[in-house]
Amino acid sequence: QGFGTGKINLGELEVVKITEFERVWSCSLLRGKAEGVTFYKPVGIPDGFFCLGYYCQPNDQPLRGYVLAARERVASSTEVYCDYDSDTDFPALRKPVNYSLIWSTDCGSGCGFFWLPNPPLGYKAMGILVTDTPDEPDVEEVRCVREDLTETCEIMDSILATDVNTFQVWTTRPCKRGMFCKGVSVGTFFCCTYFISENQELEIACLKNLDPSLHAMPNLDQIHALIKHYGATVFFHPKEDCMPSSVQWFFKNGALLYKDGKVNGEPIDYLGSNLPSGGTNDGAFWIDLPRDDNARKNVRNGNLESAELYVHVKPALGGTFTDIVMWIFCPFNGPANLKIGLMNIQMNKIGQHVGDWEHFTLRISNFTGELWQVYFSQHSGGEWVDAFNLEFIEGNKPIVYSSKHGHASFPHPGIYLQGSDKLGIGIRNDTARSNCFVDSSTRYQIVAAEYLGGVVTEPCWLQYMREWGPTIVYDSRSELDKIISLLPLFVRFSVENIFDLFPTELYGEEGPTGPKEKDNWNKGCAHAPGIARNHKLMNEMQNAECRVQ
């Protein structure tokens, strides 16, 4: 059907993904990086389609990017595609009026000239052009898009930063990226010689998907095929003692539902049918472990044999990608492990909580059905990793490493420090391969795919919007103060600052909520809600490191 056919209908436009390129210009004027960056012109564009902008990427990774090419789509009994050139018409695509030179240089490997298309009134440029001569490009080289078929975009990752006229180059993405958002990434880059402030509108835009059918999304059979082909294997640490389980096992083995004002909890039906459904997290209900000590210990340990991944499938970037979000449930989150220089301190209770929901996301290209990226959810944020930087097992199945006790997801084994790497202070996230794993390609349950319109029946427990664990408050500050008192005087102040920026769960937290209450359910995973906090964290870490130095 529409999925994996190489073309996607956006309404008045049809787009294809171009992955063949011709090198135009390279440069190595990078701050702190010697690999350099190369700018490419897309080639092999099918007849009737038009270039929207050029592509660039760092030289230290495989050439695996893309840009979109577009043609106008006129709905009729016989599909007709037109490229209007009349001042009285308002077609979807128009040639630029001319170009503005953004920047030029000769960095020793040839000259580079960067051109911004100047669109006709009511149109938007989609990308930048690069040439190796000072001659202005031909207006036939690209097309601009009618403004109502576009959405605003923002800068994302810095690709190149020079010390000459502060010239910078970034990748771009749609400003709005949630499940119901229509912005489509074109794959082009943005560059300028001035400072870009947060939320500043760029001189280029992204496309908008106005086709409500989302015809390029996979159907149910295709979803199963994708999961069986790309389903990740999740490895748990060899010393993990807080294993995952299925939700049904958790309920069957004594989990209790508590209501505010009542002392005793009530057993939960194994399907969760007696859980309050809908509403918001108002604090009126919460789930806790069984009261009996033996039963409580049994549930805390989890049950790997019953564990499965709970799958939410949703459109991404205007339906040009599919996000297969895989949620894993652990009945208990173990205590944190602190690293302070050469000391490793296993906390007794700090970091513990009942009911831990974690996730990772497989992002699939709807043009080709290819695994494009994986999102690894981590404490206070997460990261997108390109497919070529993943570890694989059994063909095209990526590996996800779950950290000891905290169950955060990482792409490789090792120790990940949530704090300051330079000072060696923070929360340790230890990951390693072991005999304890879950293969999500076989052990999964699709619990939601809203775009399919009722084809997937959501389980009762998914509608439970309250807390999956009781509110916990730790007397952690006194324990941390004892640790600080053992440190040399010159480092104490910096350590205190870093402790103040640790995630709230270190000091105590309200019970965690279920998947539907997480930001990721409707919004995009990327650097979204945590980006400001992460920037603050990094700035404070750098200030602390400077004080120590």
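**Entry 1. Thr 320**

I began with the surroundings of Thr 320, and, setting aside neighbours within four places in sequence, I found it in contact with Ile 8, Val 184, Ile 364, Ser 365, Asn 366 and Phe 367. I note here that the model is predicted. I then looked up where Thr 320 sits, and it belongs to the loop between strand 23 and strand 24. Is Thr 320 buried or exposed? Its relative accessible area is 2%, and the cut-off for burial is under 20%, so I recorded Thr 320 as buried. For its side chain I noted a polar atom 2.7 Å from the backbone oxygen of Leu 317.

**Entry 2. The chain as a whole**

I next took the totals for the protein chain. Its secondary structure amounts to six helices and 38 strands. The chain has 549 residues, of which 54% count as buried. I looked at contacts between residues at least 6 apart in sequence, and 66% of them join residues at least 24 apart. The accessible surface is about 23,600 Å², and carbon and sulfur atoms hold 50% of it.

**Entry 3. Strand 1 and Asn 9**

I followed the order of an open sheet of four strands and wrote it down as 1-2-7-5, with antiparallel pairing. Which strands form its edges? They are strand 1 (7-9) and strand 5 (50-51), each of which pairs on one side only. Strand 1 is joined to strand 2 (residues 13-18) by three bridges, in the antiparallel sense. Within this pairing, I located Lys 7 opposite Val 16 of strand 2.

I then turned to Asn 9, which is part of strand 1. The side chain of Asn 9 reaches the backbone nitrogen of Gly 11 at 2.7 Å. Apart from neighbours within four places in sequence, Asn 9 is in contact with Glu 14, Arg 73, Asn 209, Asp 211 and His 215.

**Entry 4. Cys 181**

I looked for Cys 181 and found it in the loop between strand 15 (168-174) and strand 16 (183-184). Its relative accessibility is 28%. Not counting residues up to four places away in sequence, Cys 181 touches Lys 176 and Gly 318. I also checked Pro 315, which is 134 residues from Cys 181 along the chain; their C-alpha atoms are 8.8 Å apart.

**Entry 5. Helix 1**

I examined helix 1 (residues 220-230) and found Ile 223, Leu 226, Ile 227 and Tyr 230 buried. Why do they lie on the same side of helix 1? They cover an arc of only 95° around the axis, which means that they share one side. I set this beside the general rule that an α-helix has 3.6 residues a turn, so residues three or four places apart point the same way.

Asp 221 and Lys 228 are exposed, and I found them on the face of helix 1 turned away from its buried side. I then looked up what covers the buried residues of helix 1; the cover includes strand 23 (309-316), strand 24 (321-333), strand 27 (353-365), strand 28 (371-378), strand 31 (397-402) and strand 36 (444-448). At the N-terminal end, Asn 219 caps helix 1, with a side-chain oxygen 3.2 Å from the backbone nitrogen of Asp 221.

**Entry 6. Strand 31**

I continued with strand 31, one of the elements covering the buried residues of helix 1. Six of its six residues are buried, and strand 31 is therefore largely enclosed by the rest of the structure. I sorted its residues by direction: Lys 397, Ile 399 and Tyr 401 point one way, Pro 398, Val 400 and Ser 402 the other way, and all are buried.

How does strand 19 (residues 233-236) run relative to strand 31, and how many bridges join them? The two run parallel, with four bridges. Here I paired Phe 236 with Ser 402 of strand 31.

Strand 30 (residues 392-393) pairs with strand 31 in the antiparallel sense over two bridges, and Phe 392 has Pro 398 as its bridge partner. These two strands form a hairpin with three residues between them, and Glu 394 in the turn has a positive phi of about 55°.

Strand 32 (residues 409-410) also runs antiparallel to strand 31, joined by two bridges. I found Ser 402 opposite Ser 409 of strand 32. This hairpin has six residues between its strands, and His 405 in the turn has a positive phi of about 70°.

Conventions: Residues are numbered from 1 along each chain as its sequence is written. This is a predicted model: local features need pLDDT of at least 70, side-chain atom pairs count only at pLDDT 80 or more; totals for chains, interfaces and linings use all residues. Side-chain values use heavy atoms; hydrogens and water are left out. Buried means under 20% relative accessible area, exposed over 50%, partly exposed in between (1.4 Å probe, protein chains only). Contact means heavy atoms within 4.5 Å. Two strands pair if DSSP finds at least two bridges between them. The arc is that of the directions from the helix axis to the C-beta atoms. A polar contact is a pair of N or O atoms within 3.5 Å; within protein, one must be able to donate a hydrogen and the other to accept it, and residues adjacent in sequence count only if both atoms are side-chain atoms. Accessible areas come from the Shrake-Rupley method with a 1.4 Å probe; for residues, only the protein chains shown count as cover.
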